[in-house]
Amino acid sequence: MGAATAVQTTETGASVERDGVAHYRMFIDGTWVDTDDAYTIADPATGEIVETSAKATVDHVDAAVAAARRAFVDGAWRRTAPVARAAVFDRAAEALGARMDEISSIICRETGMAIRTAGALGVGFPMMHLSYFADLTRAYEFTRAAPINGQVLHGGYIRKEPLGVCAGITPWNFPASTAVWKSIPALATGNSVVLKVDEKTPSFALELAALLKDAGLPDGVFNVVVGDGPTIGEHLVRHDDVALISFTGSTTTGRRVMANAAERVKRVLLELGGKSPNIVLDDADLDAAVDGTVYGFVLHAGQACESGSRLLLPASIHDEFVDRLIARLDTIRIGDPQDPATDMGALMSAEQLARVRRYIDIGLAEGATLAYGGGAPEGERFARGYWMRPTVFTNVSNQMRIAQEEIFGPVLSVIRYETVDEAIAIANDSDYGLAAGVWSTDNQRAIDVAERLEAGSVWINDWHNMSQHLPFGGYKQSGLGRELGPDALDEFVQDKSITVDLSGDVSRRAYGIVLGTPAHA
């Protein structure tokens, strides 16, 4: 792995202190691997360096894949009984719960996510999902009987077998959830995993590696490398020994992942971008709908792929709703992400802030009305870091770029409609189809609308409800495959059918189609 790499075996934790800050090492073949060259990770709220991490080369990727392949061929983990695999996940989930406050704070300092969000969604959801996958593992039918074919008297069964080495590539915005979604179902079905984590948010996946090792996962079965997408991610995707790639990120990068996977006919699981429509019907509870709208586009400063970034309002309540919305936004507390009183923290990076500002300029140039926000909050503390107030555009047409392109920031486009049919047509007029929402006091009316929307998840009178019991994934250019839900493990297995002749009689078989008169006649 090169002269710059030192393998440390005496340390047991994911991080050590280096240059006065926490330093994360990579995890390859059950060993903590460090490098002289390191990524520096800044707190988005202050711009100050808060941690560093090892920096992968393609040699580290090759070593991680080789370790995962060896572990798979060895077969100790894939031959482990499902109930024993589930017990490993249960122990890891329990250990994660015991460190919830600590790890939430780490995620908060890496991402700028408000601490309440980091606790509930950044760590709380992944912990629940880890336990859910343990339950799925115990209940999963790895062997399924097939009906007996009476004509030829054949019996058979179906085996759900692991694929081999599965690669996961996680984004920076929700590093904990995506690490669990990409790793645990693959491990549950007997695969080995190499997880490539974003260089800006490496901590959770590496802490997860430590928890799984302590919980009894064999060496080599789970490996974590830290690196960029164009070099490290692409090398992992193109690796001959990788059988599946599970990627979460932009649609543009997802297309590249899919193209590279196609060269080797690999499976892909893609959770990509979104421009989710939030439809308020004229009979909605306005107080609930306003709060839900704010939650839908302000959570994590709008840096969620399923954010409700297009608000569709009937003309009859448009002005009243916008007034209520602006009044509610005035109550949102923006500030120190580690302060429990904070509602919304910082944007992830200078690059992300520049992107949001660019789209605000685009919206103004397109003729939309800036009804709220559009800049950083006032105050000395906001002179450092990457800050943006919630921003609302009205007088938006669905053809504008701010209504069609993913901004990935706290920017809401408000679109007026006259009829419900028009609202549905506007909602579906998008390259994306990740999520949508409908607000109404008439559940059946809302369901009728929901069933006509082209989206993988539709929330009625709610938003961001990522239940572990329901599949999550996109229509159209929002992705392929599903994470979570009762069938989540199916993405990581291949079917083998085995049939057995039960007759013991050649005359009961179909050989006569080719052979004519039997040889013994």
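The legends below describe close-up views of a predicted model.

**View 1. The largest pocket and its lining.**
The largest pocket of the model has a volume of about 1,200 Å³. It is lined by 49 residues, and those closest to its centre are Pro171, Trp172, Thr248, Gly249 and Ser250. Several elements each supply at least two residues of this lining: helices H4 (115-139), H5 (175-188), H7 (229-238), H8 (251-262) and H11 (350-366), together with strand S13 (242-248). Helix H8 gives the most to the lining of the largest pocket, with six residues. Sorted by class, the lining of the largest pocket holds 19 nonpolar, 17 polar and 13 charged residues.

**View 2. The second largest pocket.**
A volume of about 330 Å³ belongs to the second largest pocket. Of the 15 residues that line the second largest pocket, Arg116, Tyr295, Leu299, Ile332 and Asp343 are the closest to its centre. The classes in the lining of the second largest pocket are eight nonpolar, three polar and four charged residues.

Helix H3 covers residues 100-111. At 1.5 Å a residue, its 12 residues should span 16 Å, and the end C-alpha atoms are 16 Å apart, so the two values agree. The buried residues of H3 are Ile103, Ser104, Ile106, Ile107, Cys108, Glu110 and Thr111. Gly112 follows H3 and has a positive phi, near 80 degrees.

**View 3. The hairpin of strands S8 and S9.**
Strand S8 (residues 143-149) pairs with strand S9 (residues 154-162) in the antiparallel sense, over five bridges. Ala146 has Gly156 in S9 as its bridge partner. Four residues lie between the strands of this hairpin, in which Leu153 takes a positive phi near 55 degrees.

**View 4. An open sheet of four strands.**
The strands of this open sheet follow the order S2-S3-S7-S6, and their pairing is mixed. Strand S2 (15-18) and strand S6 (38-42) stand at the edges with a single partner strand each, so one side of each is left without a neighbour in the sheet. On average, and with direction ignored, neighbouring strands of this sheet are turned by 30 degrees against each other. S2 and strand S3 (residues 21-24) pair in the antiparallel sense over four bridges. Glu17 stands opposite Ala22 in S3.

**View 5. The largest cavity.**
The model has three cavities of 30 Å³ or more. About 80 Å³ of space lies in the largest cavity. Its lining consists of Gly274, Lys275, Gly302, Ala304, Cys305, Ser307, Ser309, Glu406, Ile407, Phe408, Gly409 and Val411. By class, the lining of the largest cavity has five nonpolar, five polar and two charged residues.

**View 6. The second largest cavity.**
The second largest cavity has a volume of about 60 Å³. It is lined by 14 residues, of which Pro277, Ala427, Tyr432, Ala435 and Glu454 lie nearest its centre. Helix H13 (420-428) and strand S20 (432-433) each supply at least two residues of the lining of the second largest cavity. Seven nonpolar, four polar and three charged residues make up the lining of the second largest cavity.

Key: Residues are numbered from 1 along each chain as its sequence is written. This is a predicted model: local features need pLDDT of at least 70, side-chain atom pairs count only at pLDDT 80 or more; totals for chains, interfaces and linings use all residues. Side-chain values use heavy atoms; hydrogens and water are left out. On a 1 Å grid over the protein atoms alone, a cavity is a set of points where a 1.4 Å probe fits but cannot get out, and a pocket is an open set with protein on both sides within 12 Å along at least five of seven lines; lining residues have an atom within 4 Å of a point. Grid points are joined across faces, edges and corners, and a volume is the space filled by probe spheres set on the points. Ala, Val, Leu, Ile, Met, Phe, Trp, Tyr, Cys and Pro count as nonpolar, Asp, Glu, Lys and Arg as charged, and the others, Gly among them, as polar. The expected span of a helix is 1.5 Å times one less than its number of residues. Buried means under 20% relative accessible area, exposed over 50%, partly exposed in between (1.4 Å probe, protein chains only). Two strands pair if DSSP finds at least two bridges between them. Axes are lines fitted to C-alpha atoms, for helices over the stretch in contact, and angles run from 0 to 180 degrees between N-to-C directions.
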